[in-house]
2 protein chains.
Amino acid sequence: MSVGQELKLLPCELSGATSIVTDRPIRDLGENRLIARFRALASASLGPGVIVGPGDDAAVLSADGDRLLLLACDMMVEGVHFRRHWATPRQIGWKAMAQNVSDIAAMGGSPFAAVASIAAPGDFPEAAAIDIADGLVAAASRYGASIVGGDLVGSTGPLVVDVAITGWVPRDHLLLRRGAAPGDAVLVTGSLGAAGAGLAVLEHGLKEPDSSLLADVLRAHHEPQPRLNEAWAIAVTGLASAMMDLSDGLADDLPRLCAESGVGARIHADAIPIAPACSWVARRLNLSDLAFALSGGEDYELLLTCPQQAVPQLQRAVLDATGAALTPIGEITAGEGITLVDAEGRQRPLGHGFEHFGDT
Amino acid sequence: MSVGQELKLLPCELSGATSIVTDRPIRDLGENRLIARFRALASASLGPGVIVGPGDDAAVLSADGDRLLLLACDMMVEGVHFRRHWATPRQIGWKAMAQNVSDIAAMGGSPFAAVASIAAPGDFPEAAAIDIADGLVAAASRYGASIVGGDLVGSTGPLVVDVAITGWVPRDHLLLRRGAAPGDAVLVTGSLGAAGAGLAVLEHGLKEPDSSLLADVLRAHHEPQPRLNEAWAIAVTGLASAMMDLSDGLADDLPRLCAESGVGARIHADAIPIAPACSWVARRLNLSDLAFALSGGEDYELLLTCPQQAVPQLQRAVLDATGAALTPIGEITAGEGITLVDAEGRQRPLGHGFEHFGDT
C-alpha cells in the first residue's frame, strides 16, 4: 500500500553518516537516507553490554551466564500494515505478536517476555480492543512468550499496535545476518509467496467460495506462523553461517543479509519453493507467482546460509525436528551484486524490476 | 485533554475478571473495566520466569545471576500526551524516553537497552523526525540506556512515539508497589505540581517574558528529569517498603500503590512539597497549586513508603547522594481509604473532588 514507509533502524556500523537534514516530508525521502541518520544517532547511545545494536532481526545484549538477551520491536499501523475491514481484530493482534516472535526465532532464540501498546480511535469498540488483546495473547502463548505489560491509549488516528519482545539465546546458538561467506549455500524454509498472494486476493477482491487454496493464502497473510522450531533445529546444529526472517520478501531481505555479511549472492529462480496456493492465486489474477515469492513479503520463513557440504545435514535436522523442508535456492558470491538466474540461464539483478506489493 | 484514555495494563492478580464485552466505544468505558479484561487476558500468557507481571512500573523477570531483568513500555500519542505546536520534536523524543527511564528507576533499577517506534504522518518533516530521534538518544544517553532498535512508519494519523525499555536491578534492591505496611511513612522526592502547571501555562496561553518560573514549569512539563540517582540511593538502603514513580499525580498514583499493598493512607495537604514555580503559576491563573500537585501528573518524582523510624536515615541517604529532598507527606493506614487532611484537620477522600488536568 502506498500510505506508509517503514524504516527499520539499521546497524550502528553505518554511523557517521552526514546526510543534510531538510524539511522535506518523510514520505519523499529515500529510506536509506533517513535510516543512516537514525543509525548514526542511535549509535551515539550504545553503551556497554550491547553486542549487536540496531540492524539485525533483534538486538543482542549481554546478560549474566551463558545466555544472551535479545530485544526487538515491530509496529503495525492501520492503512499501512493492515486494514480493519480485511483483518479481524484477533488477527491483527496475532500478527503483531507473531512478527515479533519471528524476529527472536531468526536469531536462534526463544521468546521470553513482551509488552504491547495499542493506540486506538476513541470510537473503537470495546469488543474489538479485547479481541486484539486476545490475538496478542494467543500468539504469545503459542510461542512461549509472556505479555507482561502494555499501554492502551485513545487516539484521533488509525489503530496502532506496537509490540516489543525479549528473548534468550544460548551464546553458541546465536545466528546473525552477518556471517555468510562466498561459496555458502542460500536456503529458505517452507515455501514463499502465500502471504503476498493473500494480500493480493484482498486487494483484488478475489472470491471463490469453498476454495481451500484461497483460505490458505488468506491465513498466511493474516495469521503468520513463525518458524520457531525450525530456527531452533537450525541453530543447534551450529552449521548455519547467517540467518534472518523473510518479513519484506527475498528481494528486499537477501540484500540486507548480504550487506551485513559483505557478500553478494546468485539465486536460481526455478529453485525457489513457491507455495502452491500462491501459484494458484497468481494464475487467477494473471500475475507472476515468482513476483509474490520475491516481493510479496510477510511469509516469515527463514532465510539462511551454510557451507555447501553442510546442506544435507541441515536439511535432515530440520526435517527430522519439524517436518519442514529446507530448500537451497542459490549461493553466496564474493562482491556485492545479487543476481537472479532464470530457467534459461538469463541473469538480472535481484531487488529491481519486480512489482512491489507494498510494505504490508 | 479530553481526547484520550490511557489504560495501563494492571497486575495479573486481578485475573478472572468476567466483564461482559460490548460494542461500546472504548472512550465510554470506565478504565477499570477494560483494564480488568486486559489483565485477565495477559495473565493467561504468563509463563515461567515472570516474577511480577503487568501492574507495577515495570515487569520483573528472572535472569541468570543475581540481577533481575526489568521491562516496561510507554506510548505517547499526539493530541493525548502532547501537542506538536507546544512541544519541540526533541522534547517529544526526550519525554518519551525519560518516562520509560523513570519506570525503571521506580523499581530501583538501571536502564539498559531500549527500542523506539515512531508512527509519523507522511507530511512530517525529515528534520522533525530526526529531532525526535535526537531527543530519544539524548535522554537515553543521559540515563545510561542504549537505543538498540526501532521502527519508523508512515501513518495517516497523529504522531505516535512508543518506547520499550529493559533494565537490571540487583535482587535485593528491587522495590515494588506492593510492600507498604500500616504505620509506614509516605514520602515523595523533590516537589510536585510543576509539570501540571507547565501544561496549564500552555493551555491558558500564559505569557510572561523573562520569567524564570514560567521557564521552570515549561521545562518540567517538556523535559522531565527522572529521579534515577535518588531511586538508587533509596534502593541501596534497603529501608523503603514500596516505591513507584508519580506519572499521573499523587491522587491517581497513591491509590495504585495502596491497592497493590492492600492498605490505605492518610496524606497531610500542608506537608506536600509544592514546587514554588507551580504556586506562582497557580496564583497567576487563579487556580489551586494543591490541585496541580495532586492531579497535574508527569512530575516523575518518586513516591515511596518506609517504616517511620527509617525516615531520617532515608532522607540523609538521598540528600547525601543527590542533594534532593525526601519529604514525609503522610502515613499508611490499615484498610482501603485514602484520606487527605487539610491544615484545619478536615478530612476528605483523595482521588475525588480534584480537578483533573488530563492524561497528558
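Q: Which residues touch the most other members of the largest nonpolar core?
A: This is a predicted model, in which local features need pLDDT of at least 70 and side-chain atom pairs count only at pLDDT 80 or more, while totals for chains, interfaces and linings use all residues. Residues are numbered from 1 along each chain as its sequence is written, and chains are lettered from A and ligands numbered from 1 in the order in which they are written. A nonpolar core is a set of buried Ala, Val, Leu, Ile, Met, Phe, Trp, Tyr and Cys residues joined through C-beta atoms within 7 Å, where buried means that 20 or more other C-beta atoms, placed from the backbone, lie within 10 Å of a residue's own. In the largest such core, of 262 residues, the members that touch the most others are L70(A) and L70(B).

Q: Which residues does L70(B) touch, not counting residues up to four places away in sequence?
A: Two residues are in contact if their C-beta atoms, placed from the backbone, lie within 7 Å. With residues up to four places away in sequence left out, L70(B) touches A58(B), A59(B), V60(B), I104(B), M107(B), G109(B), T166(B), G167(B), W168(B) and V169(B).

Q: Is L159(A) buried or exposed?
A: L159(A) sits in the loop between β6 (146-155) and β7 (160-170) of chain A, strands being DSSP runs of E with at least two residues, numbered, like helices (H or I, at least four residues), from the N terminus. Its contacts, apart from residues up to four places away in sequence, are E78(A), R84(A), A120(A), P121(A) and F124(A). Because 24 other C-beta atoms lie within 10 Å of L159(A), this residue is buried.

Q: Which element of chain B gives the most residues to the side that touches chain A?
A: In the contact between the chains, 80 residues of chain B meet 80 residues of chain A. The elements of chain B that each supply at least two residues to this side include α1 (31-43), β4 (67-77), β5 (110-121) and α3 (126-142). With ten residues, the one that gives the most is β6(B).

Q: Which strands are the edge strands of the open sheet of seven strands in chain B?
A: Two strands pair if DSSP finds at least two bridges between them, and in chain B the seven strands follow the order β9-β11-β8-β12-β10-β13-β14, with mixed pairing. Each edge strand pairs on one side only, and these are β9 (242-245) and β14 (347-349) of chain B.

Terms used:
Buried ≥ 20, exposed ≤ 12 C-beta atoms within 10 Å, placed from the backbone.
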